Amino acid sequence: MDGVETKKETKKETKKETKKETKKETKKEEERVNGAFSMKNPLLQLIWDATSLGTFKECPRKYYLQVVRGYTTKQTALALDFGILFHEGLENFYKRKSKGVPFEENVHTTMKELMTSPLRANIDSYEDKDRNSFTLVNTILSYLDHYKDEACETVVFSDGTIGIELHFQFETGLETGEGEKISIAGHIDRLLKQDIGVFIADHKTTVRPLTSYYFDQYNPDTQMTIYTIAGNICFSTPINGVQVDAVDIRKGEFSRQLTLRSKEICEEWLAESEYWFKLAEFFAVRGVFPANDKSCNKYSGCPFKAYCTAPRGLREQILQEDFVKRTWDPSKPRGGE
């Protein structure tokens, strides 16, 4: 019996220490203002997006480190900055196009904006052979030329709003145990009007070949389902699905494929999301986000694997030395940081 009691006490102490470390680790992070999290419990997210929810589903500890505490690898930071500038270039181009600006003039202005962007120097500072200002400009030039005569147009709403880079946020109808409302937010790259209906266009930059295997990853997919739901709820526009607009920056190749979502699928996803939000609240209230070790070696390996396999006393040092801070706040429109 003594052995059983000792085992119970050890388990209890380990749980207590884990919770204590989590609170200690996040003490400084709590001081920053992140509108996506509860004011009552800084570990509890109230405004979710596809990135944060997808990361939580993959591994609660990865979610805690990457979303709650805001740590990311330098390579991920580069990919994010490259993607932001790529999106900005297309956003400005399509807005001017919708206003009737001639193609050549529009391209010239777009290139000038890219070359003078503050993010350009930051991207080049990584000295990456795939993601740099040269590949950025060359990729967008080739992209605009490739789709110069595309058989679709950007949606323009009755109030004159152009369907480019639209921020959305909608309530799920769910609440936390403290009565705080849970919402889902995000950004839509572009609303497209085609002969077969209206679709959301989502731009993706990758170094992977644009095969059917690449596009298969988007069905099922949290992000694409959220976009379809948001289009119907927030913009009062019947959305048939998402057009994945992919660019292989390594080869300079382009491909577009549709990923469709039925009303039934969207309703089922919303209903099931309640359990994920409740699970996130369960962990946040207890201050413990357990690791899902079945995800450690997927997708070329989790970037936090070294953290999880290191002795507890060295983990904070690993975060400080190998990662950079980047606050993830879905409540803010893109560029609002």
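Helices here are DSSP runs of H or I with at least four residues, strands are E runs of at least two, and both are numbered from the N terminus. H3 itself (residues 60-68) is mostly covered, with eight of its nine residues buried. Buried means under 20% relative accessible area, exposed means over 50%, and partly exposed lies in between (1.4 Å probe, protein chains only). The buried set in H3 is Pro60, Arg61, Lys62, Tyr63, Tyr64, Leu65, Val67 and Val68.

A word on provenance: this is a predicted model, where local features need pLDDT of at least 70, side-chain atom pairs count only at pLDDT 80 or more, and totals for chains, interfaces and linings use all residues. Residues are numbered from 1 along each chain as its sequence is written, and side-chain values use heavy atoms, with hydrogens and water left out.

Now the confidence: pLDDT is the predictor's confidence in each residue, from 0 to 100. The protein averages 90, and 89% of its residues reach 70 or more.

| Element | Residues | Mean pLDDT |
|---|---|---|
| helix H1 (lowest) | 2-25 | 57 |
| strand S1 (highest) | 47-48 | 98 |

Overall, the protein has twelve helices and nine strands. Of its 337 residues, 47% are buried. Contact means heavy atoms within 4.5 Å, and residues 24 or more positions apart account for 70% of the protein's contacts with a separation of 6 or more.

Next, a helix pair. The axes of H4 (residues 74-98) and H7 (residues 133-146) come within 11 Å and cross at roughly 35°; axes are lines fitted to C-alpha atoms, for helices over the stretch in contact, with angles from 0 to 180 degrees between N-to-C directions. From H4, the contact takes in Phe82, Leu85, Phe86, Gly89, Leu90, Phe93 and Tyr94, while H7 brings Thr135, Leu136, Thr139, Ile140, Tyr143 and Leu144. By class, that makes ten nonpolar, three polar and no charged residues (Ala, Val, Leu, Ile, Met, Phe, Trp, Tyr, Cys and Pro count as nonpolar, Asp, Glu, Lys and Arg as charged, and the others, Gly among them, as polar). As for the spacing, an α-helix has 3.6 residues a turn, so residues three or four places apart point the same way.

Last stop: Ser255, found in strand S8 (residues 253-260). Is Ser255 buried or exposed? Ser255 counts as buried because its relative accessible area is 17%. Leaving aside neighbours within four places in sequence, Ser255 is in contact with Tyr147, Leu210, Phe215, Val244, Asp245 and Ala246.
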